[in-house]
Amino acid sequence: MKTNRTIAGFAILVAALLASTFDPGQARAGELNHEQQQTILHEANTLYESGTANATDRALSKEAFEAAAAKYQTLVDDGVHNWQMHFNLGNAYLQSGALGRAIANYERAAAMTGDKAVHANLEHARSLVKTEAPATVPQTTWESAQQYLAAIPLENLLMVAAIAWACFWITMSLRIPSWQRSLKTIGVVAAGLFLSATLIMANRDQGPQLPVGIITADQVPLREGNGEAFASQEGTSLIEGERVQVVEQRGEWIHVQLHDGRTGWLTDSQLEVI
């Protein structure tokens, strides 16, 4: 754990250096001119460095990181969209304790670059999400495997299907008497994985992928309808940093779907859509 924190801390510190190496004016400009963008970027970098320098004073450090995040956010809101800016914004949010917004910006940065520091910080932030065991009936091993497969990205899922298919035929072609029972078991499992992966991929191809949202507050109640008058669903309190899919939006209310298929409503102030 100490090693992971050290690596993540080093990657975060690199952000301050990266920030000074790119030109925000290269991105689409909004209301701010180039000089104003440069001034705000310099202020954000200075505040971030101040937060790092005052790490022993948690209150002072957090205040500096929050101010840095506000400055970086101003640039993003003005139309500056590149991976370095979202990376810096994610770092500032993470250091200030806004885990959900940090993950959302790391996700945006990761979609733009394969930079190792970006992906390392994203994984570190995800590891900080306080997962809770749901109060449900225990899943079978096969149900757990299917849930795991459903969360795998499409390109990796395709690889799983190919490997499972190859394993199935390899086990079927081997003729070793003393291994027949083990080979049969492996073949059945491989065939099951192949079929499950294929079905999941087929279902994903039936329609467009839903936008992703990251919960930005803790213990967010999931309501049965789009309004405060609707009751909160029992056992569906969402955790900061949790990932959901956005089904639709009606005014300030957003209809979301959880990883297990359950759906409900929350407000747009409680999540950030990527």
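Q: In which element is Glu-107 found?
A: In this predicted model, Glu-107 is found in helix 5, which covers residues 99-112.

Q: Why is Glu-107 called buried?
A: The relative accessible area of Glu-107 is 11%. A residue counts as buried when that value is under 20%, so Glu-107 qualifies.

Q: With which residues is Glu-107 in contact, leaving aside its neighbours within four places in sequence?
A: Contacts of this kind link Glu-107 to Leu-122, Arg-126, Ile-214, Arg-243 and Ile-274.

Q: What makes helix 5 largely enclosed by the rest of the structure?
A: Helix 5 has 14 residues, of which 11 are buried, and the helix is therefore largely enclosed. The buried set consists of Leu-99, Gly-100, Ala-102, Ile-103, Ala-104, Asn-105, Tyr-106, Glu-107, Arg-108, Ala-109 and Ala-110.

Q: Why are helix 5 and helix 6 called roughly antiparallel?
A: Helix 5 packs on helix 6 (residues 116-127) at an angle of about 150 degrees, and their axes are 9 Å apart. Angles over 145 degrees count as roughly antiparallel, and the pair is therefore described in that way.

Q: Which residues make the contact of helix 5 with helix 6?
A: Helix 5 contributes Leu-99, Ile-103, Tyr-106, Glu-107, Ala-109 and Ala-110. Helix 6 contributes Val-118, His-119, Asn-121, Leu-122, Ala-125 and Arg-126. By class, eight of the residues in this contact are nonpolar, two are polar and two are charged. The crossing of helix 5 past helix 6 is left-handed.

Q: Why are helix 3 and helix 4 called roughly antiparallel?
A: The angle at which helix 3 (residues 58-77) packs against helix 4 (residues 83-96) is about 150 degrees, with axes 8 Å apart. The cut-off for roughly antiparallel is an angle over 145 degrees, so the term applies to helix 3 and helix 4. Helix 3 passes helix 4 in a left-handed crossing.

Q: Which residues in helix 3 and helix 4 meet?
A: On the side of helix 3 they are Arg-58, Lys-62, Phe-65, Glu-66, Ala-68, Ala-69, Tyr-72, Gln-73, Leu-75 and Val-76. Their partners in helix 4 are Met-85, His-86, Asn-88, Leu-89, Ala-92, Tyr-93, Gln-95 and Ser-96. This contact divides into 10 nonpolar, five polar and three charged residues.

Q: Why is Phe-87 called buried?
A: Phe-87 lies in helix 4 and has a relative accessible area of 0%. The limit for a buried residue is under 20%, and Phe-87 is therefore buried.

Q: What makes helix 2 roughly antiparallel to helix 3?
A: The axes of helix 2 (residues 34-53) and helix 3 cross at roughly 160 degrees and come within 8 Å. That crossing angle makes helix 2 roughly antiparallel to helix 3, since the term is used for angles over 145 degrees. The crossing of helix 2 and helix 3 is left-handed.

Q: Which residues of helix 3 are buried?
A: The buried residues of helix 3 are Ser-61, Ala-64, Phe-65, Ala-68, Ala-69, Tyr-72, Gln-73, Leu-75 and Val-76. Helix 3 has 20 residues and reaches 28 Å from its first C-alpha to its last, close to the expected 28 Å. Gly-79, with a positive phi near 110 degrees, follows helix 3.

Q: Why is Gln-219 called partly exposed?
A: The relative accessible area of Gln-219 is 41%. Buried residues fall under 20% and exposed ones are over 50%, so Gln-219 belongs to the class in between. Gln-219 is placed in the loop between strand 1 (212-215) and strand 2 (243-250). Its phi is positive, about 55 degrees, although Gln-219 is not a glycine.

Q: How many helices and strands are there in the protein?
A: The protein has nine helices and five strands, running α-α-α-α-α-α-α-α-α-β-β-β-β-β from the N terminus on. Of its 274 residues, 40% are buried.

Terms used
Residues numbered from 1 in each chain as written. Predicted model: local features only at pLDDT ≥ 70, side-chain atom pairs only at ≥ 80, totals over all residues. Heavy atoms only, no water. Axes fitted to C-alpha atoms, helices over the stretch in contact; angles between N-to-C directions. Helix = DSSP H or I, 4+ residues; strand = E, 2+ residues; numbered from the N terminus. Parallel < 35°, antiparallel > 145°, perpendicular 65-115°, else oblique. Left-handed = near helix turned anticlockwise from the far one by under 90°. Contact = heavy atoms within 4.5 Å. Nonpolar A, V, L, I, M, F, W, Y, C, P; charged D, E, K, R; others polar. Buried < 20%, exposed > 50% of the residue type's maximum accessible area, 1.4 Å probe, protein only. Expected span 1.5 Å × (residues − 1).
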